Amino acid sequence: MISRVEWIVCERTSRWASALRMALAADETPHELREMRHFAEINAELAGRPITLAAFEVRRDNFAEVLAWLPRVRQQFSQVRFIGLIDGSLVDDQAVVGEALLEAGVTLVTTSPRRLEAICRLVRHQTSQAGEIAENSPLVDQLWAALPWQTG
């Protein structure tokens with residue numbers, strides 16, 4: 001049974017989400033990606049359903065907010081892997097911002113929608129882990145999860 005990785009992308013536009021959808025489709029990795037515009041939406045989404053990955057855009061105008069938000073949300077949702085998407089407004093400070101995000105607990109950082117190979121590898125890994133868990137679960141649970149109207 002092939003499982004899909006459920007994840008969310010929080011950004012102002014759909015630039016990162018579109019690039020991620022194209023990269024994952026080309027990689028033939030099953031996934032379900034939902035878009036958000038605000039950090040509060042991420043918190044609500046994580047509280048409402050099990051999400052594997054959460055990516056968020058880091059800009060010059062929200063960097064301080066991200067650094068304050070990330071430790072709280074990581075503590076509350078320890079099973080979620082977070083990915084920092086560094087915006088071009090931080091082009092001169094990408095290394096410092098990337099280090100700060102990794103220190104704050106993100107799993108991955110990327111600086112361009114054209115450089116998504118590491119994210120695709122992470123999604124493939126999460127997909128294989130989800131598949132192994134699904135294969136080892138009771139048959140009734142596997143069948144229930146395979147129903148087309150199931151959301152998680």
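## Secondary structure and basis of the model

Helices (H or I, at least four residues) and strands (E, at least two) are DSSP runs, numbered from the N terminus. Threonine 13, for example, lies in the loop between strand 1 (5–10) and helix 1 (15–26). The chain contains 6 helices and 5 strands, and its elements follow the order β-α-β-α-β-α-β-α-β-α-α from the N terminus on.

The model is predicted: local features need pLDDT of at least 70 and side-chain atom pairs count only at pLDDT 80 or more, while totals for chains, interfaces and linings use all residues. Residues are numbered from 1 along each chain as its sequence is written, and side-chain values use heavy atoms, with hydrogens and water left out.

## The chain as a whole

Of the 152 residues in the chain, 43% are buried; this term means under 20% relative accessible area, whereas exposed means over 50% and partly exposed lies in between (1.4 Å probe, protein chains only). The accessible surface comes to about 8,500 Å², and carbon and sulfur atoms supply 54% of that area. Such areas come from the Shrake-Rupley method with a 1.4 Å probe, and for residues only the protein chains shown count as cover.

Contact means heavy atoms within 4.5 Å. Among the contacts with a separation of 6 or more, 75% involve residues 24 or more positions apart.

## The nonpolar core

A nonpolar core is a set of buried Ala, Val, Leu, Ile, Met, Phe, Trp, Tyr and Cys residues joined through side-chain atoms within 4.5 Å. The largest one has 42 residues, and those with the most contacts inside it are Trp7, Ile42, Leu46, Phe56, Phe82, Ile83 and Ile119.

Beyond its neighbours within four places in sequence, tryptophan 7 is in contact with residues including Leu20, Leu33, Ile51, Ile83 and Ile119.

## Helix 2 against helix 3

Two packed helices are described by the angle between their axes and the distance between the axes. The axes of helix 2 (residues 39–48) and helix 3 (residues 63–76) come within 11 Å and cross at roughly 10°. Axes are lines fitted to C-alpha atoms, for helices over the stretch in contact, and angles run from 0 to 180 degrees between N-to-C directions. Helix 2 and helix 3 are therefore roughly parallel to each other; angles under 35 degrees count as roughly parallel, over 145 as roughly antiparallel, 65 to 115 as roughly perpendicular and the rest as oblique.

From helix 2, Phe39, Ile42, Asn43 and Leu46 meet Glu65, Val66, Trp69 and Val73 of helix 3. These residues divide into 6 nonpolar, 1 polar and 1 charged. In this division Ala, Val, Leu, Ile, Met, Phe, Trp, Tyr, Cys and Pro count as nonpolar, Asp, Glu, Lys and Arg as charged, and the others, Gly among them, as polar.

## Individual residues

Methionine 36, in strand 2 (residues 31–36), is buried with a relative accessible area of 7%.

Asparagine 62 occupies the loop between strand 3 (53–58) and helix 3, and its relative accessible area of 3% makes it buried. Leaving out residues up to four places away in sequence, asparagine 62 touches Phe39 and Glu57.
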